[in-house]
Amino acid sequence: MTDADILALRLSCHTTLPGHQYQTPAQTFARMAAWCEQHQVQHDSYGEGELVQAFEQKVATLLGMEAGLFCMTGTMTQATALRLACEERGSDLVALHASSHILVHEKSNYQLLQHFNALQIGNPHRPWLLKDLQAVPEKLAAAQYELPMREIGGQLPPWEELEAIKSWCLENDIHLHMDGARLWEAAAGYGRSLADVARGFETAYVSFYKGIGGLGGAMLLGKAEFIARAKVWMHRQGGSIFRRSPYVVSAAMQFDDRLAALPACFARTQWLFETLRDYPSLKTNPALPQCNMLHLYLPVDRETAITIRNRIAQEHGIWLFNNAVHTALPGQCMFEWYVGDNLLAMDDATVRHALSLLVMN
């Protein structure tokens with residue numbers, strides 16, 4: 001099946017388990033237009049304008065940071081932040097977990113564009129720990145922590161461990177940067193405020209098209225002087241587009257509602273973990289819920305899982321998951337579930353019916 005066929009099949013289903021409710025472009029743009037009219041929004045000019053600056057300050061205040069800069073991509077945002085951290089400290093070495101987005105999804109940009117050098121730390125299947133940082137003999141300029149760690153099922157480090165890492169980095173002049181693409185989910189998982197989680201990080205990146213559901217865009221947050229330097233580098237890399245207002249509007253118009261729903265999404269995830277105990281052939285990573293996402297492991301290979309997904313969609317109108325990937329073990333695959341609007345609004349019986357179809361096929 002082509003990507004277009006898969007999308008058509010998913011949209012034909014009356015029940016979708018992962019993520020948020022799908023919005024057509026027409027629906028999204030209509031909501032944006034109504035919000036703009038309600039709030040008398042004017043376009044920005046290269047990121048300058050009341051809409052953009054107000055949203056930057058709002059997010060910065062929530063995280064307890066001095067300033068924020070709306071950026072077009074997280075890929076550009078994080079590489080820039082870590083490059084500047086290295087320049088400040090006269091070292092080009094950055095500590096990254098093996099599952100870091102920079103290493104897995106960014107086509108070696110940090111290396112080919114000569115931003116910095118990466119040193120992998122920690123167990124690839126677990127959040128990295130203070131002892132992993134302490135074991136590095138070289139002078140580190142920076143360390144990146146992703147909260148939560150998406151590639152290993154949305155795992156979070158224990159709160160006490162994270163606080164110890166923050167203290168160690170401060171004491172040893174290591175720039176601690178947060179990959180907070182899903183910071184909103186991490187805060188709900190910890191049961192703490194965004195400012196509590198962000199406190200101790202010198203910089204943080206957040207995303208607006210994942211849990212928030214915007215059209216795209218990211219934000220870099222930190223001290224005002226650092227953000228001013230980053231702004232120049234964004235321009236140098238082609239990141240200063242003429243109008244950012246469409247992206248900011250798509251995030252800002254639903255930002256508060258999305259944040260407010262996350263504790264309920266996490267509670268629904270906790271219920272889902274308990275329910276999955278009744279289906280022993282399905283294994284979760286992590287073993288216990290840490291935020292409103294997880295990886296579910298199936299006792300079949302990827303191709304079989306995709307066939308099952310498509311058959312259930314065609315015959316029952318239920319969309320179980322978006323993609324499946326191979327694991328290290330033969331005859332096994334896994335997929336990611338993000339618990340959003342869809343599962344939050346779904347009655348328990350429907351979820352159980354979908355799980356029963358999955359294990360029976």
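Reader: Let's start with a cysteine. Why is Cys-265 called buried?

Author: Keep in mind that this is a predicted model. Cys-265 has a relative accessible area of 2%, and buried means under 20%. The value falls under the cut-off, so Cys-265 counts as buried.

Reader: And Cys-13, why is that one called buried?

Author: By the test of under 20%, Cys-13 passes too, because its relative accessible area is 11%.

Reader: How do you know how many disulfides there are in the whole structure?

Author: A search of the whole structure comes up with zero. Take Cys-13: the nearest cysteine sulfur belongs to Cys-333 and is 18 Å away. A disulfide needs the two sulfur atoms within 2.5 Å, so Cys-13 is in none. For Cys-265, the nearest cysteine sulfur is that of Cys-291, 11 Å away.

Reader: What makes His-295 buried or exposed?

Author: His-295 is buried, because its relative accessible area is 3% and the cut-off is under 20%. This histidine sits in strand S10. Leaving aside neighbours within four places in sequence, His-295 is in contact with residues including Arg-150, Glu-151, Ile-152, Lys-283, Phe-335 and Glu-336.

Reader: What makes the pair of His-295 and Gly-153 a polar contact?

Author: A polar atom of the His-295 side chain lies 3.4 Å from the backbone nitrogen of Gly-153. The distance limit for a polar contact is within 3.5 Å, so the pair meets that limit. Gly-153 is also among the residues in contact with His-295.

Reader: Which residues line the largest cavity?

Author: Cys-265 is one of them, along with others including His-20, Trp-184, Asp-257 and Tyr-338. Helix H13 gives the largest share of that lining, five residues, and helix H9 (183–190) supplies at least two. By class, the lining divides into six nonpolar, two polar and four charged residues.

Reader: And what lines the second largest cavity?

Author: Its lining includes His-97, Ser-99, Trp-128 and Met-149. Strand S5 (residues 142–146) gives the largest share, three residues.

Reader: What makes a pocket something else, and what is the volume of the largest pocket?

Author: A pocket is an open set of points, whereas a probe in a cavity cannot get out. About 1700 Å³ of space lies in the largest pocket. It is lined by 47 residues, and Arg-10, Pro-18, Gly-19, His-20 and Asn-322 lie nearest its centre. His-20 also lines the largest cavity. Among the elements that each supply at least two lining residues of this pocket are helix H1 (3–12) and helix H13 (255–276).

Reader: What about the second largest pocket, which residues lie nearest its centre?

Author: Those are His-125, Glu-151, Ile-152, Asn-285 and Tyr-297, out of 18 lining residues. The volume of the second largest pocket is about 410 Å³. Strand S10 (293–298) and strand S12 (325–326) each supply at least two residues of its lining. By class, that lining has nine nonpolar, seven polar and two charged residues.

Definitions and conventions:
Residues numbered from 1 in each chain as written. Predicted model: local features only at pLDDT ≥ 70, side-chain atom pairs only at ≥ 80, totals over all residues. Heavy atoms only, no water. 1 Å grid on protein atoms, 1.4 Å probe; cavity = no way out; pocket = protein on both sides within 12 Å on 5 of 7 lines; lining within 4 Å. Points joined across faces, edges and corners; volume = space filled by probe spheres on them. Helix = DSSP H or I, 4+ residues; strand = E, 2+ residues; numbered from the N terminus. Nonpolar A, V, L, I, M, F, W, Y, C, P; charged D, E, K, R; others polar. Buried < 20%, exposed > 50% of the residue type's maximum accessible area, 1.4 Å probe, protein only. Polar contact = N/O pair within 3.5 Å; in protein donor to acceptor, adjacent residues only side chain to side chain. Contact = heavy atoms within 4.5 Å.
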